[in-house]
Amino acid sequence: MDPKKRSNDKASQQMLKHADEAGLETAWDRFEQQEPQCGFGKLGVCCRICTMGPCRIDPFGQGPQFGVCGATADTIAARNLVRMIAGGAAAHSDHGRDVAHTFKMAVESDSCDYVIKDELKLREVAARYGIKIEGRDTKEIASDLSDVVMAEFGKQEGTLVSAAAYPPPARQKVWQEFGVTPRSIDREIVEIMHRTHVGVGSDYKNLMKQGIRASLSDGWGGSLIATELSDILFGSPWPIRFSANLGALDAKQVNIVVHGHEPTLSDIILAVSQEPELTKMAEDRGARGINIIGMCCTANEILMRHGIPVAGNFLQQELAVMTGVVEVMLVDVQCIMPALGSLSGCFHTKLITTSPKCKIAGAEHIEFHEDRAVEIAREIIKIAIENFANRKGKAKIPKVTERGIAGFTTENIFYHLGGRFRASYRPLNDNIINGRVRGAAGVVGCNNPKQVHDYGHLTMIKELIKNDVLVVSTGCSAIAAAKAGLMRPEAAAKYCGKGLAEVCETVGIPPVLHVGSCVDNSRILTVAANIVAEGGLGEDISDLPVAGAAPEWMSEKAVSIAMYFVASGVYTVIAEPLPVLGSPNLTRYLTDEIEKDIGGKWAFERDPLKAAHMMIEHIESKRDALGINVEKERKLYDMEDRRALALD
Ligand code: CUV
Ligand code: SF4
């Protein structure tokens, strides 16, 4: 086993070596045991939807071309794919729903552990949702917003309020004409399940249409609600320093890793961990303190707001436990490997599940209830403190960490670009128009043992910024970038092309902007909407010199995300192809013809360097179409320009 063939990350390489020596199994080992993986599944031509099957279509045209019911490869691949979208949209949007419930509780109760932290954002969001602001107090506005937002999930009439309030008008028109404006969140997901039941739709394009609609209800609906309400409840992020990688685990402290996706529990855990009584209790047990440290998107949620360190991304969750210093691995929902159950049994680590939606064999379950948040947080922290004495063997913490700056949002990114008195997207648009910044790319998504861990993210991101493309990042991709030092402002001089370096250095931002967790991909959508609204770069998101990518994706959520990027007009390149290659028709539709319907399209490319150049080429073609690729005479900086670039 050569750790370098598995991970590009130094800390992970050390831990993989250790795992190998200690005979501990990881996702990489299990991936190898799975090979060769099922070719029918990979190509999307295996159907298990009814018990006349399972049926499979021979992709070489030799064997059967129809399922028992007569379904073709096109039908089967399209049904499978839109069901993946349903799964991904459901996960994100249910996260949004849970935040909405917590928000409602905070609004209605006076003795709640959650309070509204960002009143300004509350007012902004409420106004977007058509709620009266003037002369009303916070509680009234919040109560109205809570009602409107809750209704978005299950309403029976009309369309999503947010789908009309946030995207550019030209984009909304495209959706209306194509008939994919999302109606409500749950409905679009349910309709996927209905349409894909045996004997309903078999036209692959019509099936995809519902996939598009559901993905839009995720991106501009459920995920957006999760982001907006989290900002209101937990505070809008602000640029903040943090450290990243397994080296941020501290052998001398009680380590609690918060892992999963939601901020609701972890935010309280962090606050409660600072109570003097608990710190004293930890000290009495011989620990120097309590170290709350994140993993995956829960990490992103609280590092964006509190600067807590991040232990790592998706493929590092097992490695964190193997350090032997994790007292509690505290999880909520999503991207938690079932393997943690048995693995934690080999260590003193207590794996604690908290959501009724996610119980794991081998874990202890302490159900989290928002109305007793502080009390439950204390209980969990005490368990961790008591467990400190139970560590076995020597700590195996790789001495690898990086530092970076996170906490960028749609509202604050260009506050920085514009300076204190010129908070607008004008400076960004101008820098794109004058060509210093060629365009922007959203690089997001997971890790996948099919790719060398982090290599895809880093290779792509470095190539983009070298070519003056500003990168905004979320999820496990953002964590990969942080671990490699790409979120330090100094990275601009080291890795960027001249134009982007100039802009980053003047403003003091890193060339890769961390905008949050996977639901915060909605921030990338609203950034794009704001760029359009600022003017000078076309009327629609599909006019912008931007692209999206998920270089190591694996989850159904990633499919929903990439679909709503595409359906918002963004060219999106993913590494592992969608499981549709067994249907040449569907493949052609997604990677080509769909652009005429919706303005964006997919591309599949495993080589991250090639993928980056496909994105750059697309960005340049959009610049050409906008007519901004002409050599302009260099004018001298006037005061206005200086102000536009000035540090505040
Ligand atoms: Ni939701 S979905 S592995 S943690 S980005 Fe990370 Fe982010 Fe993919 Fe999961
Ligand atoms: Fe086979 Fe059709 Fe049933 Fe799918 S739905 S398992 S293709 S019979």
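**Domain layout and ligand shell**

The domain assignment divides the protein into domain 1 (3-56), domain 2 (73-234), domain 3 (246-390) and domain 4 (417-626). The model is predicted.

**Ligand 1**

- Ligand 1 lies between domain 3 (246-390) and domain 4 (417-626), because both domains give residues to its shell.
- The residues around ligand 1 include the cysteines Cys-296, Cys-297, Cys-335, Cys-446, Cys-476 and Cys-518.
- Also around ligand 1 are His-261, Phe-314, Gly-445, Met-554, Ser-555 and Lys-557.
- Sorted by class, this shell holds eight nonpolar residues, three polar residues and one charged residue.

**Domain 1 and domain 2**

- Between the C-alpha centres of domain 1 and domain 2 the distance is 33 Å.
- Seven residues from domain 1 and nine residues from domain 2 take part in the contact.
- The size of an interface is often expressed as the accessible area that is lost when the parts come together.
- For domain 1 and domain 2, about 600 Å² is buried between them, with 71% of it on carbon and sulfur atoms.
- On the side of domain 1 that touches domain 2, six residues are nonpolar, one is polar and none is charged.
- The number of salt bridges between domain 1 and domain 2 is zero.
- Three residue pairs are in polar contact across the interface of domain 1 and domain 2, counting pairs with both residues at pLDDT 80 or more.

Definitions and conventions:
Residues are numbered from 1 along each chain as its sequence is written. Chains are lettered from A and ligands numbered from 1 in the order in which they are written. This is a predicted model: local features need pLDDT of at least 70, side-chain atom pairs count only at pLDDT 80 or more; totals for chains, interfaces and linings use all residues. Side-chain values use heavy atoms; hydrogens and water are left out. A residue is near a molecule or strand if one of its heavy atoms lies within 4 Å of it. Ala, Val, Leu, Ile, Met, Phe, Trp, Tyr, Cys and Pro count as nonpolar, Asp, Glu, Lys and Arg as charged, and the others, Gly among them, as polar. Domain bounds come from an automatic or database domain assignment. Contact means heavy atoms within 4.5 Å. Buried area is the accessible area (1.4 Å probe) that two parts lose on being put together, summed over both. A salt bridge is a side-chain nitrogen of Lys or Arg within 4 Å of a carboxyl oxygen of Asp or Glu. A polar contact is a pair of N or O atoms within 3.5 Å; within protein, one must be able to donate a hydrogen and the other to accept it, and residues adjacent in sequence count only if both atoms are side-chain atoms.
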